[in-house]
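Welcome to a short tour of one protein chain. Please keep the sequence and the coordinates open as you read, and turn the view as each part comes up.

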Amino acid sequence: VHDVTLTPKWFEKLYVGSLKEGTHIALSKDVMNQMEVEVVVWDKDKIGSDDFLGIVRFTGEDIVKGFDKWFVLEADNDNKKHRIEETVTGEIYLRAKYVEK
């Protein structure tokens, strides 16, 4: 959570793949290629409820291929929890790669 900013930077890392050491979730390329991944972005409000900012979807195959790019946040009107009346705007920068042992 980052307070009082319109341009938060998280620098979070999630290791997914077949890494030898560290905190990770071990998955083979075959399993990764079949996955669907969602990154859901919310803001944190001190008063009232948190606001859904958007969602990004990509495949595990995209991770295996690797990417380093900006994604446009999209609405998620299929999910009641994420449904909003305002237009979703914004982008999120993500980088991913599959690392083998």
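What percentage of the 101 residues of the chain count as buried? The share is 25%. Please bear in mind that this is a predicted model.

**Overall layout and confidence**

The chain holds two helices and six strands, and reading along the sequence gives the pattern β-β-α-β-β-α-β-β.

How far can you trust what you see? The mean pLDDT of the chain is 79, with 76% of the residues scoring at least 70. Confidence is highest in β5, at 95, and lowest in strand β1 (residues 16–17), where the mean is 59. Where pLDDT is low, the predicted coordinates should not be read in detail.

In soluble globular proteins, nonpolar side chains tend to be buried together. Here, the largest nonpolar core has 17 residues, and the members touching the most others are Val56, Phe58, Ile63, Phe67, Phe71, Ile92 and Leu94. At least two core residues come from each of β3 (36–42), β4 (52–59), β5 (67–72) and β6 (91–96). The largest share, four residues, is supplied by β4.

Beyond its neighbours within four places in sequence, Val56 is in contact with Val37, Glu38, Val39, Phe71, Val72, Leu73, Ile92 and Leu94.

**Aromatic rings**

A pair of aromatic rings is described by the distance of the centres and the angle of the planes. The count of aromatic pairs comes to five. In one of them, the ring centres of Phe58 and Phe67 are 5.0 Å apart and the planes meet at 70°, so this pair is edge-to-face. Phe58 and Phe67 are both buried. Ring pairs also link Phe58 and Phe67 with Phe71 in a cluster.

**The loop between β5 and β6**

Now let us move to the loop between β5 and β6, where Asp76, Val88 and Thr89 are found. Their relative accessibilities are set out here.

| Residue | Relative accessibility | Class |
|---|---|---|
| Asp76 | 5% | buried |
| Val88 | 16% | buried |
| Thr89 | 61% | exposed |

Which side chain does the side chain of Asp76 meet in a polar contact? The partner is the side chain of Arg57, at 2.7 Å. Asp76 counts as buried because its relative accessibility is 5%, under the 20% cut-off.

Val88 is in contact with Phe52, Leu53, Gly54, Leu73, Glu74 and Ala75, leaving aside its neighbours within four places in sequence.

Is Thr89 buried or exposed? Thr89 is exposed, because its relative accessible area is 61%, over the cut-off of 50%. Apart from its neighbours within four places in sequence, Thr89 is in contact with Leu53 and Leu73. Thr89 and Val72 are 17 residues apart in sequence, and their C-alpha atoms are 7.6 Å apart in space.

Key
Residues are numbered from 1 along each chain as its sequence is written. This is a predicted model: local features need pLDDT of at least 70, side-chain atom pairs count only at pLDDT 80 or more; totals for chains, interfaces and linings use all residues. Side-chain values use heavy atoms; hydrogens and water are left out. A nonpolar core is a set of buried Ala, Val, Leu, Ile, Met, Phe, Trp, Tyr and Cys residues joined through side-chain atoms within 4.5 Å. Buried means under 20% relative accessible area, exposed over 50%, partly exposed in between (1.4 Å probe, protein chains only). Contact means heavy atoms within 4.5 Å. Rings of Phe, Tyr and Trp (its six-membered ring) pair if their centres lie within 6.5 Å; planes under 30 degrees apart count as stacked, over 60 as edge-to-face and the rest as tilted. pLDDT is the predictor's confidence in each residue, from 0 to 100. A polar contact is a pair of N or O atoms within 3.5 Å; within protein, one must be able to donate a hydrogen and the other to accept it, and residues adjacent in sequence count only if both atoms are side-chain atoms.
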